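Here is a short report for a first look at this protein. Keep the sequence and the 3D view open as you read.

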Amino acid sequence: MRLASFAQTESEPNDAFAQAASLPRVAYGVGNLDTVGDADYWSFSMEAGKAVQIELSAARMNRFQWGASGNIPRLTIWDTDGTTKILEHVYFSNLVGAELGSPLWNWGLHDLDIPMFIAPTSGTYFVSVRSDRELNAGAEYGIRIENVPLGNLQYEAEAEGVVGTNDTFQTAELITPGTVLGHFDIMPVAANEAVGGAASDYYRIDVSGPSVLTLNTFCQRNGRYRTESSYAYLQLDLYDTDGTSHLLRRYYGAFDDPTMLYTFTQAGSYYIAISEDNGGSSAPYVLSVDLQDSDADMMEMEPNDSA
């Protein structure tokens, strides 16, 4: 893989956030982790409520050298202070047997991008690239940061670390097509429980007639959150207008981030629930919502079992 001529080559030393080079949106940052223990920092500016995707090309760029070292790069986003971790991909954690990667990333050595980071505040953020196996050398890599259009951005009313605000269909928040930024929290351990419980986040969407609903989530693909020791796994459920009749459930779609496509045949208020599937970790999530009219004459009409 050859990077474009507008690539920006790293300038050592850049092993700390104070030495980070600014990476424009239009450029690839190109570096090399062929020295054991090396880390490269880059900086990028953002406005609050804006989104970027961070693309990392390493195994895609030099699979032979990365594979020979049995390694893959680790991508981390740091807050504006340069020391507080926000999101991080860890490839080799929870390594089981002879698998190449953890039970989460067991499809062979591959690059882990961060497809949807929404800035909580305006300022300069930092991203670091280092070898995931820190005692092994790495190889060359390329990193690129691109803006992601969000459309209508909506924030979950329930604050991070709080439960009980929108945890039932009766308290569901009304949302419209666009992007929803929420946060999934694991409840504290109760006296009679071995582990903490998980509360669902409920949303309501109003449908005016026959429509096609498309839902996409971004959570696991964005990495582990702050000091969490594991990834968060989401479960996505759709309920009928009574809030209890189950229409559809999804656990995955893009890796383990669930996606959903559903056709409504009649108007009404329907309910979307986001809950934690199995990981036991708190994390922010992004819910992308698209709702398009569907012509009634395009719906299936039974009987249609023959030509």
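## Salt bridges

Asp-257 and Arg-221 form a salt bridge through their side chains, at 2.8 Å from N to O. Asp-257 sits in strand β20, while Arg-221 is in the loop between β15 and β16, so the pair ties together parts that are 36 residues apart in sequence. The model is predicted. Asp-257 is buried, at 0% relative accessibility. Arg-221 also counts as buried, at 16%.

A search of the whole structure turns up ten salt bridges. One of them joins Asp-113 and Arg-60, at 2.9 Å. This pair links distant parts of the chain, 53 residues apart. Asp-113 is partly exposed, at 25%, and Arg-60 is partly exposed, at 39%. Glu-134 and Arg-74 meet in another, at 4.0 Å. Glu-134 lies in the loop between β9 and β10, and Arg-74 in strand β6. Here Glu-134 is partly exposed, whereas Arg-74 is buried. Glu-55, Arg-144 and Glu-146 are linked in a network of salt bridges.

## A buried aspartate

Asp-237 belongs to strand β17. Its relative accessible area is 2%, so Asp-237 is buried. The side chain of Asp-237 makes a polar contact of 2.6 Å with that of His-246. Asp-237 also touches other residues, including Leu-248, Met-260 and Tyr-271.

## The largest pocket

The largest pocket has a volume of about 430 Å³. Its lining has 22 residues, and Ile-118, Pro-120, Leu-181, Tyr-225 and Pro-284 lie nearest the centre. Strands β7, β8, β13 and β22 each supply at least two lining residues. The lining divides into 14 nonpolar, four polar and four charged residues.

How values were computed
Residues are numbered from 1 along each chain as its sequence is written. This is a predicted model: local features need pLDDT of at least 70, side-chain atom pairs count only at pLDDT 80 or more; totals for chains, interfaces and linings use all residues. Side-chain values use heavy atoms; hydrogens and water are left out. On a 1 Å grid over the protein atoms alone, a cavity is a set of points where a 1.4 Å probe fits but cannot get out, and a pocket is an open set with protein on both sides within 12 Å along at least five of seven lines; lining residues have an atom within 4 Å of a point. Grid points are joined across faces, edges and corners, and a volume is the space filled by probe spheres set on the points. Helices (H or I, at least four residues) and strands (E, at least two) are DSSP runs, numbered from the N terminus. Ala, Val, Leu, Ile, Met, Phe, Trp, Tyr, Cys and Pro count as nonpolar, Asp, Glu, Lys and Arg as charged, and the others, Gly among them, as polar. Buried means under 20% relative accessible area, exposed over 50%, partly exposed in between (1.4 Å probe, protein chains only). A polar contact is a pair of N or O atoms within 3.5 Å; within protein, one must be able to donate a hydrogen and the other to accept it, and residues adjacent in sequence count only if both atoms are side-chain atoms. Contact means heavy atoms within 4.5 Å. Lists of a residue's contacts leave out its neighbours within four places in sequence.
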